[in-house]
Amino acid sequence: MALPASVPEEPIKPQMAHVEPPVIDLHGLSVSFGQRQILKNLRGDLRGKAIGLLGPNGAGKTTLIHTLLGFHPPSAGTAQIFGFDIADQAKQIRELIGYMPERDSFIAKMSAVHFVRLMGELSGLPSEAALERAHEALFYVGLGEARYRRLETYSLGMKQLAKLAQAIVHGPKLIFLDEPTNGLDPPARLRMIKLIREIRDSGHAHIVLSSHLLLDVEECCDEILILRDGQIAVYCNLEEERKSNRKFLMLETRGDQEKFIKALAKLGCEYALSGDHRLKIVLQEGIEVRDLYRLADEEQVQLRRLSYKRDSLEDIFLKAMENGYGGL
Amino acid sequence: MAVYEQTYKPYTGRLTPEWSRFLIIPRHALRGVFNSKLFTAFYVICFIPLLVEAVLIYLHHNITALAIMNLNARELIPIDGSFFQYFVNIQGGFAFFVALLIGPPLVSRDLRNNALPLYLCRPFSRTEYVMGKMSVLLILLSWITWVPQLLMFLFQSYLEGFAWFRSNLWIASAILIGGIVWILLLALLSQTLSALLKWRIIASGAMLGLVFIPSVFAEVVNFIFRTHWAHIISLFSLMGNVTAGLFGTFDRVSGRMQVSDFNDTVTEVLLLEPPLWCSWAALFLFCAVCLALLAWKVKAYEVVK
C-alpha cells in the first residue's frame, strides 16, 4: 500500500480515558542528522506504565530515545517528559530517568558495585546512600554474588543485568530500556523480562522498552508505539486492542451462504466476506458460538472451519508496516 | 529496594548539590591511580627535588649545620626568584611525566567502553564531565608543583622573617600563576589527545610527539634562520618564557651568534625570543584549540551524517 504524503497533524491517542499527565508528550518532534531526516513530525502523548517502542531496523527507535535523553537536539518541534521540556529542562528530566543503553557500556577496571555506586553518585545520591543502593540494585537484578567482580570478566547476560542495575540505582520514575534482551540466552532473557515486569508492576516507574523482539514487548508492555521510517505508524493500548478483538471469528462454510448471512445479520452479528465461503464475524455481546451452530443447522449450512482470531502484536505490527501511519 | 526485600523502590532521600558532582570523578579515579605501585613509586620520586629544596632553604638559615659541613652561606645558591624558578621548572618536568602516565587513559577508556552515555544520561553535563576528568590531573599535578612550592616559599618566609615575605610576595604569585598555567595546559593537552585517540598507548605517544617534535623542529628553524622566534611552536619553550616573565628573568635576547659573510666580515646576530605577549597568546590559542576539540569529541554518541 502506498504511504500517505503527510503525517497526521492530530496527536495519536490510545482509545482510553486518562486523567494523569502524559509520561512523554511529543509535539511535532523532528530530528535530522545533516540532510538525513531520522524522525519526522512525531506527535502524541504516551501514558502507559510500560510503553513498547517497536519498528524495523532504522525506523528511529534509538534516535527517539537519544533525543528524549537530550543526546541529539531536535531539528523541529519538541517533546516533554513529565511536563519538562527536553530542550530547556534536560537536567530536571535526567534526574527522573534511568537509561539502559543498547551497546556494551561500562567503565573499565571497576567492580560492579563500584560502577553502580559511581552511577548512583552521579545521579545525585550521597556516597553512602549510593553504595547502599548499589548493593541493593545488584542483588535485585541477581548479581549479588558477583558484585565484587570486575565488569570486564562478566558474561554478556551479566553485563546486561549490570546495565539494568545502573539504570535503576537512583530509583528513576521513567526507565528507558534499549534492546534489554539483546544477546541473552533463553533463561537470561526470561529473567530480564521478569525484572522488567516487576518494575512495571511496582507502580513506581514507567518503562519505555525499545525492542525488535515482538514477544518481549508483548510480555512487558501495555502500550505500543510503532515507528516506521521515522514516523508513528501505530500507537495503541495493547490490552484494549486485544479486548476489542476478543470475539473475532473466522468461518469457512459450505451451502447457501446468502441465507446464512441474512440469518447472521438478523442475529445482530457484524460480518465481512473474505473470499469464497469465508466469513469474518464479530460476535456481539450475548451471542455465543453455539448460536452460530444452531443457525447453520437451521439454514442447512455446513461449518467446515471455525476459529477465534485475535490480533496478536505480530498482526498489529505487520498491519502497521502495510498500512502506513496513524493507527490500525 | 533493600537487599532482603527484592523490590523496586524509588529513592526519596536527599541529593548532593549539583555544583559538587564533578568532584565525584576524581574521588573515584584517584583511588584507582594509586592502586598502581609503579605510579605510586614514581609519584614519591617527584618529591625528591622538593626535599633538596627544603634542605637548601634550611641550610641557609642554620649556621651550626653549615659549620659542621664546612660551608660558607655565601657559597650556597641565594634564595631568590631564580632559586624558586629553577625548582618550579624541575617540578614542571615531573608534572609532564605524571600527566603522560595518568592523562591519556582518562577519557579514552570511557570512549572505548561506550561509557559516555552512562555519564551524560544523568544530571551531569559534558562540561562537568570534562571538569571532573581534568581535575583528576589538576589535583595530582598541584600536589607536586605549585602547592609544595608555595609551602617552600612559606618555609623560607618563616625562616627569613616577615620583611622578606612582604618584599617577595611576587615570587608566590609567580609560583601560583606559573604552576596553574602549566598544569592546566598539560591537563588540557592530555585530555584532548585522550578524547581524539581511543587507545592509551597511542595517546601517550602522541602527547610525547606533540611536545618534543615541535621543539626539535623549532631548533632546526632557529638554526637555519638565526633566530629564536620558532620557539613559538615549542610548548616547553613557550612555558619557559612565560615562567621567566613571571619570575622577572625573561630577556628577549637569549643568545648571540657570530656570522661571517663572503668578505670574512664577522657580525654578531642577536637571537631574539618571541615577545612575552606572543608566548601568552600562543598558549591561549593552544588551550582554545584543545577546548574546541574536546567539545567536539566528548559526546554521548557520535552522529554519522
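Reader: In what order do the four strands of the open sheet in chain A stand?
Author: Happy to start there, with strands taken as DSSP runs (E, at least two residues; helices are H or I, at least four), numbered from the N terminus. Two strands pair if DSSP finds at least two bridges between them. The pairing in this open sheet of chain A is antiparallel, and the order is S12-S13-S11-S14.

Reader: Which strands stand at the edges?
Author: Each edge strand has a single partner strand, so one side of it is left without a neighbour in the sheet. In chain A these are strand S12 (270–273) and strand S14 (302–308).

Reader: How many bridges join S11 of chain A to S14(A), and which residue stands opposite A:Met250?
Author: Strand S11 (residues 248–254) of chain A and S14(A) run antiparallel, joined by six bridges.

Reader: What should I know about the model and its numbering?
Author: This is a predicted model, in which local features need pLDDT of at least 70 and side-chain atom pairs count only at pLDDT 80 or more, while totals for chains, interfaces and linings use all residues. Residues are numbered from 1 along each chain as its sequence is written, and chains are lettered from A and ligands numbered from 1 in the order in which they are written.

Reader: How far apart do the C-alpha centres of the two domains of chain A lie?
Author: The bounds come from an automatic or database domain assignment. Chain A is divided into domain 1 (24–238 + 318–323) and domain 2 (247–309). Their C-alpha centres are separated by 46 Å.

Reader: Which element gives the largest share of the side of chain B that touches chain A?
Author: Residues are in contact if their C-beta atoms, placed from the backbone, lie within 7 Å. The contact takes 44 residues from chain A and 34 residues from chain B. The largest share of chain B's side is four residues, from H6(B).

Definitions and conventions: Two residues are in contact if their C-beta atoms, placed from the backbone, lie within 7 Å.
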